[in-house]
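I opened my notebook to look up how two chains sit against each other. Have a look at the picture with me before reading on.

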Protein chains: 2
Amino acid sequence: MSNLELVDTGRCCAPLTGLALDESEAAELAGVFKALADPVRLRLLNLIASASGGEACVCDLTGAFDLTAPTISHHLKVLRQAGVITGERRGTWVYYRAVPESLTRLAGLFTPPVPTPA
Amino acid sequence: MSNLELVDTGRCCAPLTGLALDESEAAELAGVFKALADPVRLRLLNLIASASGGEACVCDLTGAFDLTAPTISHHLKVLRQAGVITGERRGTWVYYRAVPESLTRLAGLFTPPVPTPA
């Protein structure tokens, strides 16, 4: 699988109701949605994005699921490759944060544009 | 595949940064993202959501892709089952519309909650 990254294309928040998506942008966005198309990954992103202080230790995430640590690590890697979270190792553990620009971009995608006055 | 529908759970716009997603909600949302995890389906949703008058005839959608009509129909069915578009047959053609409540729900999912004053 390609190593997807959310990049600033200069039209970060073009909604689906607005400008036509070109093929390359559609392919890149499809990759982000593929990363989100898994219940465990959605719950991980939810736990990370709602964590007190804005970050979650992998040591706290693993306990929330009846899954092995390597499985959780795999899902975290997919989310990281999709650009929706970042991870930073500090000592024994990796700490994860949501990437606000990515979430804002996704929100903007589904938000109808505000009509401009005539 | 199950016939996914976006239903009003009474917490349509709970963002990922807010309340904990439960397993059933995460599974249902993952199904919606799976429907969106395809470049052709994203471009179809984009064409439908941005169509003049709010609806697009399948006869206009097919021409935008180098794909057969049955393939386009399959993708439209997946989007319809995910609850993001509706289709209505009138005469020879089916006309598609985006479901605003579904798009608003998805936008809300990625929108950080507005802090409430203390």
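**Entry 1: the shared surface.** I looked up the contact residues on both sides, and 100% of the interface residues of chain A are also interface residues in chain B, so the copies meet through the same surface. Before going further I noted that this is a predicted model, where local features need pLDDT of at least 70, side-chain atom pairs count only at pLDDT 80 or more, and totals for chains, interfaces and linings use all residues. Residues are numbered from 1 along each chain as its sequence is written, chains are lettered from A and ligands numbered from 1 in the order in which they are written, and side-chain values use heavy atoms, with hydrogens and water left out.

**Entry 2: how much is covered.** I found 30 residues of chain A in contact with 31 residues of chain B (contact means heavy atoms within 4.5 Å). The area buried between the two chains is about 2500 Å², and carbon and sulfur atoms give 74% of that. Buried area here is the accessible area, with a 1.4 Å probe, that two parts lose on being put together, summed over both.

**Entry 3: the salt bridges.** How many salt bridges does the rule find across the interface of chain A and chain B? I noted two, counting a side-chain nitrogen of Lys or Arg within 4 Å of a carboxyl oxygen of Asp or Glu. I looked up the salt bridge between the side chains of A:Glu23 and B:Arg43, at 4.0 Å from N to O.

**Entry 4: B:Arg43.** I located B:Arg43 in helix H2 of chain B (helices are DSSP runs of H or I, at least four residues, strands runs of E, at least two, numbered from the N terminus). Is B:Arg43 buried or exposed? I read a relative accessible area of 18%, so B:Arg43 is buried (under 20% is buried, over 50% exposed, partly exposed in between, with a 1.4 Å probe and protein chains only). Leaving aside neighbours within four places in sequence, B:Arg43 has contacts that include A:Leu21, A:Asp22 and A:Ala26, as well as B:Phe65.

**Entry 5: helix H5 of chain B.** I checked residues 100-110 of chain B and found eight of the eleven buried, among them B:Leu103, B:Leu106 and B:Phe110. The buried residues of H5(B) pack against H1 and H5 of chain A, and also against H1, H2 and strand S3 of chain B.

**Entry 6: the symmetry.** I noted that a rotation of 180° with 0.0 Å of shift along its axis superposes chain A on chain B, with RMSD 0.0 Å. The two copies are thus related as by a two-fold rotation axis.

Key:
Least-squares fit on C-alpha atoms with pLDDT ≥ 70 in both.
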